[in-house]
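Subject: Structure handover

Hi,

Here is the structure for you to look over. My notes follow below it.

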Amino acid sequence: MTFISDWKETMRFFAVRLARRYDQTLQKRPLLIQCMTAGTLSALGDIVAQQVFEKPEMHDFGRTLKMTCFGFFYYAPLISKWMVLAEKLFPGRSPASLTRKIIIDQTIISSGLTICFLLINEGIN
């Protein structure tokens, strides 16, 4: 019983330290950390898609690299800049402001990003 509670406390300690370090680095270099995060999550998403859902005989590392690059070089910089612009266009956190941001994001920004992603992806293939 003591081992498990000690282990949980140790894991909690490291998780809190990691979260603090991430936040500190994010404050210092926001775009770089956002790009690294998006690239990592894109890679993990592709790995899960291939290994859990598609289950190919061989993992397509080229595809994983491509998705990582999309997250790092395409998605994160554009979304980062969009969030800054959205806050300037619709400042505040009122329900009306948030609604405007969501509508613009879901109708224009997300659609545009998806269309460009598909076009770029098709051009690469």
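Start with isoleucine 109, which lies in helix H4. Helices are DSSP runs of H or I with at least four residues, strands are runs of E with at least two, and both are numbered from the N terminus. Isoleucine 109 counts as partly exposed because its relative accessibility is 21%. The cut-offs are under 20% relative accessible area for buried, over 50% for exposed, and partly exposed in between, with a 1.4 Å probe and protein chains only. Leaving aside neighbours within four places in sequence, isoleucine 109 is in contact with Ile79, Trp82 and Ile104. Contact means heavy atoms within 4.5 Å. Isoleucine 109 and glutamate 87 are 22 residues apart along the chain, with 14 Å between their C-alpha atoms.

Some ground rules. This is a predicted model, where local features need pLDDT of at least 70, side-chain atom pairs count only at pLDDT 80 or more, and totals for chains, interfaces and linings use all residues. Residues are numbered from 1 along each chain as its sequence is written, and side-chain values use heavy atoms, with hydrogens and water left out.

Helix H4

H4 has 30 residues. From first C-alpha to last, H4 reaches 41 Å, close to the 44 Å expected at 1.5 Å a residue. The expected span is 1.5 Å times one less than the number of residues. H4 has a kink of about 40 degrees, centred on aspartate 105. The bend at a residue is the angle between axes fitted to the seven residues ending there and the seven starting there. Buried in H4 are Ser97, Lys101, Asp105, Leu113 and Asn121. The buried residues of H4 pack against H3.

Take serine 97 in H4. Serine 97 counts as buried because its relative accessibility is 3%. Its side chain reaches the backbone oxygen of phenylalanine 90 at 2.7 Å. Not counting residues up to four places away in sequence, serine 97 touches Phe90, Pro91 and Gly92.

Helix H3

H3 covers residues 61-89, 29 residues in total. Its first and last C-alpha atoms are 40 Å apart, close to the expected 42 Å. Where does H3 bend? The bend is at tyrosine 75, by about 35 degrees, and proline 77 follows within four residues. The buried residues of H3 include Phe70, Tyr74, Ile79, Ser80 and Trp82. Those buried residues pack against helix H2 (30-54) and helix H4 (95-124).

At the start of H3, a side-chain oxygen of aspartate 60 comes to within 3.3 Å of the backbone nitrogen of glycine 62.

Arginine 63 is also in H3. At 24% relative accessibility, arginine 63 counts as partly exposed. A polar contact of 2.9 Å joins its side chain to that of glutamate 54. A polar contact is a pair of N or O atoms within 3.5 Å; within protein, one must be able to donate a hydrogen and the other to accept it, and residues adjacent in sequence count only if both atoms are side-chain atoms. Not counting residues up to four places away in sequence, arginine 63 touches Asp46, Ala49, Gln50 and Glu54. Arginine 63 and serine 94 are 31 residues apart in sequence and 41 Å apart in space, C-alpha to C-alpha.

Serine 80 is another H3 residue. Serine 80 counts as buried because its relative accessibility is 14%. Serine 80 touches Leu31 and Gln34, not counting residues up to four places away in sequence.

Lysine 55 is in the loop between H2 and H3. Lysine 55 has a positive phi of about 50 degrees, although it is not a glycine. Most residues other than glycine have a negative phi. At 61% relative accessibility, lysine 55 counts as exposed.

The largest pocket

The largest pocket holds about 220 Å³ of space. On a 1 Å grid over the protein atoms alone, a pocket is an open set of points where a 1.4 Å probe fits, with protein on both sides within 12 Å along at least five of seven lines; lining residues have an atom within 4 Å of a point. Grid points are joined across faces, edges and corners, and the volume is the space filled by probe spheres set on the points.

The lining has 13 residues. Which lie nearest the centre of the pocket? They are Tyr74, Tyr75, Leu113, Thr114 and Phe117. H3 and H4 each supply at least two residues of the lining. H3 gives the most, with seven residues.

Best wishes
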